Amino acid sequence: MSSVLVLYHSQEYGNTGAMAEAVAEGARSVGANVTLINTNARRITTDDYRAFDAVAFGTPDYFSYFAGTLKVFLDDWYIGKKTNAARLSNKPYALFLSHGGGGRAQRPFEDLFKQMGTKVGNTVVSAGRPTSPILEACRALGKQLAQAVR
Ligand SMILES: Cc1cc2nc3c(=O)[nH]c(=O)nc-3n(C[C@H](O)[C@H](O)[C@H](O)COP(=O)(O)O)c2cc1C
């Protein structure tokens, strides 16, 4: 069974959290074992990160950038890779983003997370509270991500 991590920041309204749940649902629908971590609630260690086969990253747009707690993850990951690179790169990954009407975080989010491995699908981008079609797109993305694990 593949193990999928859904690593996201959600804080203001739970918008990104709702998208994360839908991504998880999609991955579970094809048999993946899914772990959801809100980086606003806890910091994941680089060693914990190694265990997963595929990852979905989700963030709100904060000042046209991705959330600080995901930046902390990326910093930890980069530093951790210097001492032990095992199972830190080359994972299939997917992205989802929630914004309040601007959405300019998409470019830095996609650019920085390119380092994580092979991107699966397109970034799901949502304005405000996620609609049913957005949640459906998140489910489809989660499914596609889990199926990308070889
Ligand atoms: C500190 C802060 C900065 C924000 N900056 C932006 C922004 O630059 N552009 C934008 O479109 N929305 C911005 N927003 C709105 C959030 O991206 C939006 O409400 C999002 O859906 C919140 O996700 P959450 O409910 O999962 O926390 C900002 C919100 C906060 C709290």
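Helix 1 is mostly covered, with eleven of its 14 residues buried. The model discussed here is predicted.

Visitor: Which elements cover the buried residues of helix 1?

Guide: The buried residues of helix 1 include Asn15, Thr16, Met19, Val23 and Ala27. A residue counts as buried if 20 or more other C-beta atoms lie within 10 Å of its own. What covers these buried residues includes strand 1, strand 2 (33-38), strand 3, strand 4, strand 6 and helix 5.

Visitor: What span should the 14 residues of helix 1 have?

Guide: The calculation takes 1.5 Å a residue.

Visitor: How many residues has helix 5, and what distance does it reach from its first C-alpha to its last?

Guide: Helix 5 covers residues 132-147, which gives 16 residues. At 1.5 Å a residue, 22 Å is expected. The helix comes close to that value, for it reaches 23 Å.

Visitor: Is helix 1 oblique or parallel to helix 5?

Guide: The two helices pack with their axes 6 Å apart, at an angle of about 45°. Angles under 35 degrees count as roughly parallel, and 65 to 115 as roughly perpendicular. The angle between the helices therefore makes helix 1 oblique to helix 5.

Visitor: How do the residues of the contact of helix 1 with helix 5 divide into nonpolar, polar and charged?

Guide: In helix 1 the contact includes Ala18, Met19, Ala22 and Glu25, and in helix 5 it includes Ile134, Leu135, Arg139 and Lys143. The residues of this contact divide into 13 nonpolar, two polar and three charged.

Visitor: Which residues of helix 5 are buried?

Guide: Strand 1 (3-8), helix 1 (15-28) and strand 3 (54-60) are among the elements that cover the buried residues of helix 5. Those buried residues are Ile134, Ala137, Cys138, Arg139, Leu141, Gly142, Leu145 and Ala146.

Visitor: Is Asn90 buried or exposed?

Guide: Asn90 lies in the loop between helix 3 and strand 4. Although Asn90 is not a glycine, its phi is positive, at about 65°. Because a residue with 12 or fewer other C-beta atoms within 10 Å counts as exposed, and Asn90 has 10, Asn90 is exposed.

Visitor: What does Ser64 count as, with 13 C-beta neighbours inside 10 Å?

Guide: Ser64 lies in the loop between strand 3 and helix 3 (68-83), and its phi is a positive value near 60°. A residue is exposed at 12 or fewer neighbours and buried at 20 or more. With 13 C-beta neighbours, Ser64 therefore counts as partly exposed.

How values were computed:
Residues numbered from 1 in each chain as written. Predicted model: local features only at pLDDT ≥ 70, side-chain atom pairs only at ≥ 80, totals over all residues. Helix = DSSP H or I, 4+ residues; strand = E, 2+ residues; numbered from the N terminus. Expected span 1.5 Å × (residues − 1). Contact = placed C-beta atoms within 7 Å. Axes fitted to C-alpha atoms, helices over the stretch in contact; angles between N-to-C directions. Parallel < 35°, antiparallel > 145°, perpendicular 65-115°, else oblique. Nonpolar A, V, L, I, M, F, W, Y, C, P; charged D, E, K, R; others polar.
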